[in-house]
Amino acid sequence: MSLSRRDVEHVASLARLGLSSEEIDQMQETLSSILGHIDVLSQVDTDAIPPTAQVVGLENVLREDIVRDSLPQDVVMKMTPGSRAGFISVSEVMAGNGDGESA
Amino acid sequence: MSLPNDLTLLTAAESRAALDNREISSVELTQAYFDRIQVVEPAIHSYLHLMTDVAMTQATEADRRIDQGDIRTMTGIPIALKDILCTTDAPTTAASKMLDGYVSPYDATVVAHLREQGAVFLGKTNTDEFAMGSSTESSAFGPTMNPWDTSRVPGGSSGGSAAAIAAREAVISLGSDTGGSIRQPAGFSGVVGLKPTYGRVSRYGLLPFASSLDQIGPFARTVEDAAIMLGAIAGNDRMDSTSVPTPVPDYTAEFPTDLKGVRIGVAPEYTVDGMEPGVDAAVKAAIGKLQELGAEIVEISLPHTEYALATYYITAPAEASANLARYDGVRYGNRIEGEDLMDMYLKTRGAGFGTEVKRRIMLGTYALSSGYYDAYYVKAQKVRTLIKQDFDAAFEQCDVIVAPTSPTVAFERGSRTSDPYQMYLADVFTIPANMAGIPGISIPCGFSEGMPVGLQLLGKSFDETSLLGIAHVYERAAGWYKQLPDVATS
C-alpha cells in the first residue's frame with residue numbers, strides 16, 4: 001500500500017501535525033513500508049467475525065449523578081501556557097479577523 | 001537475618017522483614033539507594049527526575065509508622081515510577097518535549113495507593129516517548145543503557161524502570177505495557193516484569209497510549225516482590241471505568257512448591273525466523289526444567305499469532321492518535337504560538353512530538369480516516385477477536401502458556417532505529433497478550449552471549465495467582481535471580 005505525498009499532507013492536516021517537507025518525504029516512505037507489512041491482514045477471513053473493541057467485558061459502568069469537587073480554577077490557570085484575566089487564551093480561531101488581538 | 005553491607009542487595013520481601021524487625025530504617029535503606037544511584041546513574045541513565053527531598057520525607061514518616069506498628073506491605077520500601085505515571089510532587093513528561101516541565105495536579109491512582117501505604121518514591125524513570133517504542137531510544141531526554149552491557153538497549157518502552165531494577169537503583173519499579181513494554185525490557189534486562197490482566201489495575205493517571213491495551217505493572221528482582229507490588233496497586237477504581245470489581249487476592253499467600261498437575265502449553269507459532277539460537281536454547285532448557293518440576297507439557301496452537309503484530313500496528317496507533325489529540329498546547333504542556341489556532345496546533349505538535357510518536361499518530365489517523373476505517377481499523381478489530389479466541393481455546397487444554405519473551409537478546413543501541421518495522425519485531429511475542437487482555441510475566445531463564453534471556457508465561461484472565469505461583473517455583477529452582485550485573489561505573 002503506497003501513500004502519495006498528497007495523502008501524507010492530508011493525514012498530517014487531520015492530525016494537526018506540522019511536518020517539514022523533509023518529514024513528509026520520510027513519512028511517505030516509512031508509512032508506505034509499514035502499511036505494506038500490515039497488508040498481511042487481508043489474508044485473514046473475517047467475514048463472520050465480530051470486532052473486539054474491548055476485552056474487559058464491562059458495560060454501562062455508571063455512578064450516581066451527584067456533584068463532586070473538580071479541579072480548582074487556580075490549579076488549572078497555573079498549568080495553562082496562555083491566560084488572560086482568569087481565562088485560558090489562545091490564538092484567533094481564524095486569522096485575518098482585523099478586530100481581534102492575538103493571544 | 002544477616003544484613004549485607006550494601007542494603008540494595010536486599011529484595012523487597014527481605015527489606016520488609018528487616019524494616020519490621022527494626023534491623024534497618026527506611027531512611028537508611030532509602031539513602032543506600034540514593035548512594036547507589038549516584039554511582040551508577042552516569043552509566044545507566046534510568047532516571048529522568050530524582051525525588052530526593054520527597055523520598056527522605058516519606059522514609060522518615062515510614063519509620064515513624066513502622067515504630068507504631070502501622071505497617072502495610074509497601075511501607076518504607078524505595079520504588080521508582082515510570083515517567084508516564086502522574087505524580088503531584090515530581091514532573092511527568094512521558095519523556096517528551098511536549099510535557100517538559102509539566103507537573104500533574106493529581107496523582108495516578110496507583111501512585112495514590114502507594115503514597116497511602118507509605119512507599120518511598122526515589123524518582124521517575126526514563127521511557128520511550130509516550131510509551132511508544134521497544135528500546136527507550138526515542139526518549140526526548142536521552143536513552144537508558146542496559147546494565148548488563150551499556151552499549152545495548154535495556155528494552156522498551158519501560159527501559160528506565162527495568163534498568164533501575166537490574167542496576168539496583170530501586171527495589172521495585174512500575175512500568176506500563178501496551179504491546180510488551182514491561183515484559184520485553186524485563187527480558188532484555190534480566191529481571192521480572194509482570195503485565196496484569198487488562199482491567200486489573202486502574203489506568204487513572206497513566207498518560208494513555210492505547211486505552212484498550214495499556215496496563216500498569218511491576219518490575220522486580222523476584223516473582224515474590226512483583227506479587228507484593230501487584231497486591232498494592234490492583235483493584236477497582238471509580239476513576240477508571242475499565243477497572244474491574246473482581247476482588248484482589250493475596251498473591252503471595254499460596255506459592256506452590258512444585259508444578260505437579262500443572263499443564264503448560266507450548267505453541268509452535270512462538271518460533272519465528274530470525275530467532276536467535278541462544279534464546280531458543282535457553283527457553284527450551286527452561287521448558288525442560290518445568291517438566292522436571294512436575295509440569296505436563298501440552299502442545300497447543302495459536303494459529304493467528306502471525307497476524308498479531310499487524311493487528312497491533314493498526315489498533316495501537318489508532319487509539320494513540322485519539323489519545324494524543326489532547327496535547328495541543330491549550331490547557332497544559334508546552335505551546336508554540338501561531339498566527340491562528342490551526343497554526344498554533346501545527347507548530348506546537350510539530351515541535352513537541354518526536355519522530356516515532358508522529359509516525360504512530362499518522363498511521364493511526366490514516367487507519368481511522370474516512371474511506372480507510374473499515375479496511376484497516378475494523379479489520380484489525382476482527383482479527384483481534386480471532387487472536388482472543390485462540391487463547392480461549394488454548395486455555396481449555398492448559399493452565400499457562402510458555403514462550404520466549406522476545407526473539408533476540410538486547411540489541412545494540414542504534415541498530416534498529418533506521419527501520420521501524422525491525423524495531424517493532426522485538427514485540428512479536430508480547431503483543432498477543434495485550435490484544436487478548438490476558439496477564440503475562442517475563443522471568444530470567446538464562447543467558448545467551450552474556451545477555452539475559454527472558455521466559456514468558458501467559459495466564460488466564462484474572463488468574464495472576466497461578467501465573468505468579470508457577471513463575472515462582474521455576475525461579476527458585478533455576479536460581480537465575482541470584483545473578484545481577486556488575487555495572488561498569490567508569
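**Exercise 1. Work out how B:Lys284 and B:Asp280 are placed in helix α8 of chain B, and what links their side chains.**

Step 1: B:Lys284 and B:Asp280 sit four residues apart in α8 (residues 277-292) of chain B, so about one helical turn separates them. Helices here are DSSP runs of H or I with at least four residues, strands are runs of E with at least two, and both are numbered from the N terminus.

Step 2: Their side chains meet in a salt bridge, 3.0 Å from N to O. The rule asks for a side-chain nitrogen of Lys or Arg within 4 Å of a carboxyl oxygen of Asp or Glu.

Step 3: B:Asp280 comes out as partly exposed, at 22% relative accessibility. The classes are buried under 20% relative accessible area, exposed over 50% and partly exposed in between, with a 1.4 Å probe and protein chains only.

A word on the ground rules: this is a predicted model, where local features need pLDDT of at least 70 and side-chain atom pairs count only at pLDDT 80 or more, while totals for chains, interfaces and linings use all residues. Residues are numbered from 1 along each chain as its sequence is written, chains are lettered from A and ligands numbered from 1 in the order in which they are written, and side-chain values use heavy atoms, leaving out hydrogens and water.

**Exercise 2. Describe how helix α1 of chain A packs.**

Step 1: In α1(A), residues 5-14, the buried residues include A:Val8, A:Val11 and A:Ala12. Seen down the helix axis, the buried residues fall within an arc of 100°, so they line one face; the arc is taken over the directions from the axis to the C-beta atoms.

Step 2: That buried set packs against α2 (21-38) of chain A together with α11 (355-368) of chain B.

Step 3: Just past α1(A), A:Arg16 has a positive phi of about 55°.

**Exercise 3. Characterise the interface of chain B and chain A.**

Step 1: Count residues: 61 of chain B are in contact with 52 of chain A, contact being heavy atoms within 4.5 Å.

Step 2: The buried area is about 4,900 Å², with 72% from carbon and sulfur atoms. That is the accessible area (1.4 Å probe) that two parts lose on being put together, summed over both. In chain B, B:Met362, B:Tyr366 and B:Tyr421 lose the most area to chain A, together 13% of what that side buries.

Step 3: The rule finds one salt bridge across the interface. A:Glu23 and B:Lys358 form a salt bridge, with closest N and O atoms 2.7 Å apart.
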